[in-house]
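Please keep the view open as you read.

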4 protein chains.
Amino acid sequence: MNELQFSDCVRACMSCSLTCANCASACLKEEDLEMMRECIQRCLDCADICQLCARMEQKQSPFMHEMCELCAKACDYCAEECGHHQDDHCQQCAEACRRCAEECRKMAA
Amino acid sequence: MNELQFSDCVRACMSCSLTCANCASACLKEEDLEMMRECIQRCLDCADICQLCARMEQKQSPFMHEMCELCAKACDYCAEECGHHQDDHCQQCAEACRRCAEECRKMAA
Amino acid sequence: MNELQFSDCVRACMSCSLTCANCASACLKEEDLEMMRECIQRCLDCADICQLCARMEQKQSPFMHEMCELCAKACDYCAEECGHHQDDHCQQCAEACRRCAEECRKMAA
Amino acid sequence: MNELQFSDCVRACMSCSLTCANCASACLKEEDLEMMRECIQRCLDCADICQLCARMEQKQSPFMHEMCELCAKACDYCAEECGHHQDDHCQQCAEACRRCAEECRKMAA
């Protein structure tokens, strides 16, 4: 009812941040950890960048457009790696990253 | 479709974090800034605590229960102040804080 | 003795982040709050950006150079405003921002 | 000269946060990744908790004492695991965690 409505971009960023944190954490529990190195690193970066991006957009910071541009790149980079893994958490993460990259590019434009 | 489903508590924390950041930012633009001092301080603390709490719950960190306890207190404290102000952003923030405190208390139990 | 040595840039970013957080907090306690609006907003943005920048540099993230560029801009923007105020916390903040901007520009180059 | 002086506890927290982030990142590059699972997880949690703790102490947040208590626990937990590994980054991390835990306990008392 009396709830703050978040923009599509803010929602995509906050979901992506937590989906990436979730993926890194799930990767660290995978049996074949070796093949998850790169995925974990990219997810951790993306989680942090998306988290700050969501906050800066919500606050309408003067740096939000540049932050969105950077966020879109971090999302692309993470989606590229996660997309290669068949685990559910990786597929969900790749999907969240793609959506977030798209929203951030619209916002940055 | 292939989306990570967040728990009620994670959702409440991420919404509350951004609603608090939004409220602090909107308070800083209010004409009568003097009466917003306390509100801004509490919102900033609450935004940071909720943000970390959402992440730790999503990762199922061993510290998530203690973080939820602390988060519930920060939310109560913020809701107490925001609830006194009639501005939409403050009322939305008080509401988000109350919901988040409730979810965090369930999780911490 | 067995301590991790941080680079000049990482040190400048972590100091700047906390100096900005300190300044925003001190501004919120100033008698003449009205003239501190802009300062608070810029300090909060800069605190968050510097915090993430320090982490990404330390991890040698592939996005560290872009993050340093953004950080330098946020520091310039914050220093510009803080430099106008005579309070100790503002002067310290302007100084920390200038140093951080300089280190980030070297790193980004 | 005109620099903000950080308390021992704030300095310990900010150093520990970045030392943990550094350790997690270095662990992810180790040949024997398998034995680093637990270390990475604990370092990531500790990095996030110390980062927030440093900020809350600097701001003299009403939640700083509880945050320091939680931070001391996260540091103990991380030091326990890192202390078992002979790599430089793990030994540095264990040391930073022990110092931070000690400072946080003094502050929380």
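Predicted model: local features only at pLDDT ≥ 70, side-chain atom pairs only at ≥ 80, totals over all residues.

**Notes for a first look**

1. Let's begin inside one chain. H1(A) and H4(A) are roughly antiparallel to each other. The axes of H1(A), residues 8–27, and H4(A), residues 88–108, cross at roughly 150 degrees and come within 8 Å. As for its hand, the crossing of H1(A) and H4(A) is left-handed.

2. Which residues make this contact? On H1(A) they include Cys9(A), Cys13(A), Cys16(A) and Cys20(A), while H4(A) contributes, among them, Cys93(A), Cys97(A), Cys100(A) and Met107(A). By kind, the contact residues of H1(A) with H4(A) divide into 15 nonpolar, four polar and three charged.

3. Now step back to the chains. Chain B is superposed on chain D by a rotation of 180 degrees with 0.0 Å of shift along the axis, at an RMSD of 0.0 Å. These two copies are thus related as by a two-fold rotation axis. To find that axis, look for Leu52(B), whose C-alpha comes closest to it of the residues of chain B, at 4.1 Å. The same surface serves both copies, with 100% of the contact residues of chain B recurring in chain D.

4. A rotation of 180 degrees, with 0.0 Å of shift along its axis, superposes chain D on chain C (RMSD 0.0 Å). In chain D, Met14(D) has the C-alpha nearest this axis, 3.6 Å from it. The copies meet through the same surface, because 100% of the interface residues of chain D are also interface residues in chain C.

Conventions: Residues numbered from 1 in each chain as written. Chains lettered and ligands numbered in written order. Heavy atoms only, no water. Least-squares fit on C-alpha atoms with pLDDT ≥ 70 in both. Contact = heavy atoms within 4.5 Å. Axes fitted to C-alpha atoms, helices over the stretch in contact; angles between N-to-C directions. Helix = DSSP H or I, 4+ residues; strand = E, 2+ residues; numbered from the N terminus. Parallel < 35°, antiparallel > 145°, perpendicular 65-115°, else oblique. Left-handed = near helix turned anticlockwise from the far one by under 90°. Nonpolar A, V, L, I, M, F, W, Y, C, P; charged D, E, K, R; others polar.
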